[in-house]
Amino acid sequence: MNPLLFSLFREKKRRRVVELTEKMVLDGGFEDGVEWDGRWNHVRRFLERSGPFTHPDFEASTESLQFLLETSRILVIGAGGLGCELLKDLALSGFHNIHVVDMDTIDVSNLNRQFLFRPKDVGRPKADVAADFINNRIPGCCVVPHFKKIQDFDETFYRQFHIIVCGLDSIIARRWMNGMLLSFLVYEDGVLDQSSVIPLIDGGTEGFKGNARVILPGMTACIDCTLELYPPQINFPMCTIASMPRLPEHCIEYVRILLWPKESPFGDGVCLDGDDPEHIQWVYQRSLERAAEFSITGVTYRLTQGVVKRIIPAVASTNAVIAAACATEVFKIATSAYVPLNNYMVFNDVDGLYTYTFEAEQKENCSACSQVPLDLHFSPASKLQEVLDYLIESASLQMKSPAITATVEGKNKTLYLQSVASIEQRTRPNLSKTLRDLGLTNGQELAVADVTTPQTMLFRLSFTS
């Protein structure tokens with residue numbers, strides 16, 4: 001655009017904004033709690049008249065808007081890059097009763113894209129600050145913050161919401177939430193009671209790429225049905241880390257994987273916490289020493305935290321696009337005015353702009369949403385370690401620290417449990433024993449608990465010759 005024309009266009013736009021702002025102030029539009037005339041006209045256009053894109057069964061009425069403003073209860077999980085956008089979009093779309101859960105506090109590095117936060121908020125819980133900002137800025141909106149982990153709440157808490165929307169950066173947290181909603185499902189004679197379904201809208205971003213999806217638990221593909229779609233975690237070869245580092249990431253991984261367990265700087269058994277500044281500072285200093293040995297530059301505190309926490313650089317515009325897509329799906333489901341996404345949308349603006357929508361199908365043998373125990377095919381001579389490795393390494397399971405129990409000779413027996421040090425030490429010898437030696441038989445059911453789900457999963461041993 002010609003610089004002069006651009007300057008005129010910008011000035012014209014600025015004057016229009018000033019005119020609209022003055023009108024709103026004169027009309028009392030910015031007074032806290034005031035519902036000014038025409039405030040929800042943009043929403044009424046969708047809900048109080050039919051159109052070529054409305055749902056075939058949609059009946060225009062004023063009741064849908066009232067449900068939106070007064071009755072619907074939405075839970076937003078995550079108040080980071082996606083979460084801030086989601087809260088803003090939902091509040092401006094008419095959702096007044098919103099809860100937000102986030103376990104993190106605000107860091108300086110968040111301020112470039114998480115626009116609800118200011119420098120004075122550094123160190124405060126993200127959920128609290130985000131809720132205060134929305135509540136102060138948008139009249140009538142009530143956002144309730146929860147500075148906790150999602151695992152800190154029981155099913156009673158989650159059952160109160162009509163729709164749950166996730167803006168998470170953790171696959172484990174996604175799978176846990178997926179498992180919680182699946183546990184609510186009620187089946188009568190094998191038929192799903194649809195009143196027990198709480199829709200889950202999930203958004204995710206990685207740099208210039210993102211996705212939005214609609215999950216109707218028990219009816220459409222769940223998170224675990226499409227687990228193979230999530231990108232594998234980047235791991236560097238151990239030989240490179242230990243003897244031939246070339247990148248700053250190699251130095252950080254050396255400290256994280258080898259030095260931390262060897263030196264136990266904060267006491268025996270203390271796990272490295274990516275959210276603890278003292279832990280990250282220790283890793284950072286030792287990584288600098290390692291880098292200096294091999295004349296490697298580029299080790300920074302921020303990079304150290306990124307490697308330890310597996311943080312992928314975020315792009316604000318990608319967050320905005322995906323959050324808008326998720327908020328649109330929440331609106332469509334809450335009002336029943338439009339057919340929701342069916343059911344997976346991918347977005348990519350690395351080279352130009354590309355979007356694609358497809359239907360992810362349910363897996364008959366999904367470990368999370370199938371109604372029958374999954375078969376584990378092993379020889380009676382296989383060792384329990386092989387079963388454990390399969391549960392962790394299988395692309396369709398991807399467990400983190402599975403605990404395995406079984407009923408042997410009428411007694412419930414813990415075969416292996418890693419999360420409690422004393423029990424891990426006692427059950428560790430079982431890993432080198434064969435399934436036959438452990439008293440397990442063909443058709444034996446194994447109960448497996450893992451951090452990726454709130455529910456215990458059942459597997460059935462199917463012995464091979």
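Visitor: What makes strand E12 and E13 a pair?

Guide: Strand E12 (residues 403-408) and E13 are joined in the antiparallel sense over five bridges. Two strands pair if DSSP finds at least two bridges between them, so five bridges qualify E12 and E13 as a pair. Helices (H or I, at least four residues) and strands (E, at least two) are DSSP runs, numbered from the N terminus. As for the bridge partner in E13 of Val408, that is Lys411.

Visitor: Before we go on, what kind of model is this?

Guide: This is a predicted model, where local features need pLDDT of at least 70, side-chain atom pairs count only at pLDDT 80 or more, and totals for chains, interfaces and linings use all residues. Residues are numbered from 1 along each chain as its sequence is written, and side-chain values use heavy atoms, with hydrogens and water left out.

Visitor: Which strands are called the edge strands of the sheet?

Guide: The open sheet of five strands runs E11-E15-E14-E12-E13, with mixed pairing. Strand E11 (374-378) and strand E13 (411-416) are its edge strands, as each pairs on one side only.

Visitor: Why is Thr304 called buried?

Guide: Buried means under 20% relative accessible area, exposed over 50%, and partly exposed in between (1.4 Å probe, protein chains only). Thr304 has 0% relative accessibility, so Thr304 counts as buried. You will find Thr304 in helix H11 (residues 301-309).

Visitor: Which residues is Thr304 in contact with, leaving aside its neighbours within four places in sequence?

Guide: Those are Ile252, Ile280, Val283, Tyr284 and Val299, where contact means heavy atoms within 4.5 Å.
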